[in-house]
Amino acid sequence: MFSNLFRSQPKHKRARLGQHDSESLDSDNLLSEQRSTESLAPQTKNVEQSSRDVKIAVRTLILSSIVYLGVGLWLASSVRNTTVVADVDKFCLHHVSRYCKAPVVRDVKAGWHDKLFNGSFLHQNEYRQPAGPEVDAAWAALGVNYRSVVVSLDEAEATGLRAEQVQISPEYGGGFPANVEGLHHLHCLDLLRRTLHWNYDYYRAQKKGAFVNSEYIVRVHTTHCLDILRQVLMCNPDVGVLGQVWWQPENDSHPSAFVDFNTVHRCRDYEAVRAWAEAHQLPPEDQVDMSRFYKMPRAGDSILGEIP
């Protein structure tokens with residue numbers, strides 16, 4: 001009996017052991033829950049970070065797509081409005097010419113080429129000689145005395161002519177009498193040459209051309225030409241530059257600087273323009289009936305009260 005008593009554990013001992021086991025189990029559960037909570041926290045943070053990254057990526061993709069789409073539309077519009085230049089010379093001529101549909105532009109190629117200007121200061125050429133038949137012939141060969149050309153009625157507006165300007169009678173083919181401005185500019189330059197004080201008396205005595213008029217008319221004609229050339233030069237200012245060279249006369253001990261006027265320029269084919277103007281001149285006045293050559297103005301047509 002005693003052996004059985006000592007061999008078996010007391011009831012209260014067994015109860016205490018059961019309590020310890022319960023406490024141990026509760027502790028394990030708490031530790032397990034704590035570990036689970038701690039392990040879930042980084043996972044939640046990772047999910048939130050990934051979500052933010054995805055949102056940023058989506059926004060960046062949308063913004064980039066909008067930018068690329070805008071650039072693509074702009075490039076497409078630019079290409080559609082771009083003119084492909086096949087003939088650069090023709091494009092440049094049409095760009096700088098106010099009346100690019102004028103007959104002379106249509107019929108005469110620009111013929112752009114490089115030309116070295118004769119800028120000699122002391123050495124004379126045929127255009128710089130003293131008044132006389134030889135220098136007059138040189139200037140006349142440039143077309144400074146050509147008669148007007150004819151511009152058809154169909155081409156008048158594109159050429160810059162107005163309906164109220166003088167027209168040729170249908171009896172003589174109709175159209176507008178007109179002068180090529182480049183040739184008129186040279187005509188003006190030739191008149192300035194003739195009115196230089198060392199040339200004036202020679203041409204005044206001849207009483208030809210502009211000098212058939214009174215001295216007053218010669219003066220206003222000359223100043224008109226002077227101002228036309230001023231405006232032409234200011235309208236087309238040459239932005240090339242003039243360098244300088246050294247020169248030294250035999251008796252000077254030191255060289256001096258002097259402007260070098262011999263420069264290369266990009267020039268249009270003047271000879272082609274001159275030839276066109278020569279071929280399209282009106283007939284001489286002695287070959288037509290001038291009383292019937294022009295189409296006289298009708299009632300209501302514009303007639304100026306003085307020479308413009």
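Leaving aside its neighbours within four places in sequence, which residues is Thr-159 in contact with?

Modeller: Happy to. This is a predicted model, in which local features need pLDDT of at least 70 and side-chain atom pairs count only at pLDDT 80 or more, while totals for chains, interfaces and linings use all residues. Residues are numbered from 1 along each chain as its sequence is written, and side-chain values use heavy atoms, with hydrogens and water left out.

With those neighbours set aside, Thr-159 is in contact with Tyr-99, Lys-101, Ala-102, Pro-103 and Val-151, where contact means heavy atoms within 4.5 Å. Thr-159 belongs to helix α6 (residues 153-159); helices (H or I, at least four residues) and strands (E, at least two) are DSSP runs, numbered from the N terminus. Its relative accessibility is 17%, so Thr-159 counts as buried. (Buried is under 20% relative accessible area, exposed over 50%, and partly exposed in between, with a 1.4 Å probe and protein chains only.) A polar atom of the Thr-159 side chain also lies 2.6 Å from the backbone oxygen of Glu-155. A polar contact is a pair of N or O atoms within 3.5 Å; within protein, one must be able to donate a hydrogen and the other to accept it, and residues adjacent in sequence count only if both atoms are side-chain atoms.

The largest nonpolar core has 16 residues, and Val-104, Leu-161, Val-180, Leu-183, Val-273, Trp-276 and Ala-277 have the most contacts inside it. (A nonpolar core is a set of buried Ala, Val, Leu, Ile, Met, Phe, Trp, Tyr and Cys residues joined through side-chain atoms within 4.5 Å.) At least two residues of this core come from each of α4, β2, β4 (176-178) and α10. The largest share, three residues, is supplied by α10. Not counting residues up to four places away in sequence, Val-180 touches Val-273, Trp-276 and Ala-277.

There is one disulfide in the structure, a disulfide being a pair of cysteine sulfur atoms within 2.5 Å. Cys-188 and Cys-225 form it, with 2.3 Å from S to S. The pair links distant parts of the chain, Cys-188 in helix α7 and Cys-225 in helix α9 (residues 215-235), 37 residues apart. Both Cys-188 and Cys-225 are buried, and the -65° about their S-S bond makes the link left-handed.

As for confidence, the mean pLDDT (the predictor's confidence in each residue, from 0 to 100) of the chain is 85, and 81% of its residues reach 70 or more. Confidence is lowest in helix α1 (residues 2-7), at a mean of 44, and highest in helix α5 (residues 133-140), at 98. Where pLDDT is low, the predicted coordinates should not be read in detail.
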